[in-house]
Amino acid sequence: MAEIEQGGLNFSPMIEADQVSTSSIDLRLSNAFTHTRKASAGMSVTIDPDKASPEDVFSEYGDQIIVPHGKKFELKPGSFVLGYTLERVELPNYLAARIEGRSKMARFGV
């Protein structure tokens, strides 16, 4: 909490006090998702990590979905989506962080 109060750890939008615990900070799921496109039967995808960034791969093989406020996104069986956090996190160079999905959402494929 001291790093947040001293401005070393920044969030945009700012987090609420109930998101902070002794060893973690709960980030919220935003309304933006990347949904991978289903490959056609017999189609294979070749990705060269030396030549393509993750952004390139997702722009070529995925679609960005923005769910309007008050609406729902239906995740179909066999589908895969990447969810984004609502908060943008800025860390000083002397801190490290790890973002892990919550197991209850992972059970649904998010």
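# A walk around the sheet and its salt bridges

Start with helix H2, residues 54-61: this helix lies across S2, S3 and S4 and runs at about 85° to S3. Helices here are DSSP runs of H or I with at least four residues, strands are E runs of at least two, and both are numbered from the N terminus. The angle is taken between N-to-C directions on a scale from 0 to 180 degrees, with axes as lines fitted to C-alpha atoms, for helices over the stretch in contact; contact means heavy atoms within 4.5 Å.

Before you click further, know that this is a predicted model: local features need pLDDT of at least 70, side-chain atom pairs count only at pLDDT 80 or more, and totals for chains, interfaces and linings use all residues. Residues are numbered from 1 along each chain as its sequence is written, and side-chain values use heavy atoms, with hydrogens and water left out.

**Next stop: the sheet**

Now select the strands under discussion. Three of them make an open, antiparallel sheet, ordered S3-S2-S4. Two strands count as paired if DSSP finds at least two bridges between them. S3 (62-66) and S4 (81-85) are the edge strands, each pairing on one side only. From one strand to the next, the twist averages 25°.

Zoom in on S2, residues 29-36, which pairs with S3 in the antiparallel sense over five bridges. Pick Thr34 and you'll find Gln64 as its bridge partner in S3. Then pick His35, which stands opposite Asp63 in S3. Turn to the other pairing: S2 and S4 are antiparallel too, over four bridges. Select Phe33 there, and Gly83 in S4 is what stands opposite.

**Then: the salt bridges**

The structure holds four salt bridges, each being a side-chain nitrogen of Lys or Arg within 4 Å of a carboxyl oxygen of Asp or Glu. Show the side chains of Arg28 and Glu87 to see one of them, at 2.5 Å from N to O. Arg28 sits in the loop between S1 (10-12) and S2, and Glu87 in the loop between S4 and S5, so this pair ties together parts 59 residues apart in sequence. Buried or exposed: which is Glu87? Glu87 is buried, at 2% relative accessible area, while Arg28 is partly exposed at 32%. For these labels, buried is under 20% relative accessible area, exposed is over 50%, and partly exposed is in between (1.4 Å probe, protein chains only).

Move on to Asp48 and Lys51, another salt bridge, where the closest N and O atoms are 3.9 Å apart. Asp48 is partly exposed at 32%; Lys51 is exposed at 72%. Lys76 and Glu74 also meet in a salt bridge, at 3.5 Å from N to O. Here Lys76 is partly exposed at 47% and Glu74 is exposed at 57%.

**Last stop: a greasy patch**

Finish by selecting Val89, Leu91, Tyr94 and Leu95, which make a nonpolar surface patch of about 340 Å². Patch members have over 30% relative accessible area and no salt bridge; like charges are joined within 9 Å, and nonpolar side chains (Val, Leu, Ile, Met, Phe, Trp, Tyr) within 5 Å. Areas come from the Shrake-Rupley method with a 1.4 Å probe, and for residues only the protein chains shown count as cover. Leu95 is in the loop between S5 (88-90) and helix H3 (103-106), and is partly exposed at 32%.
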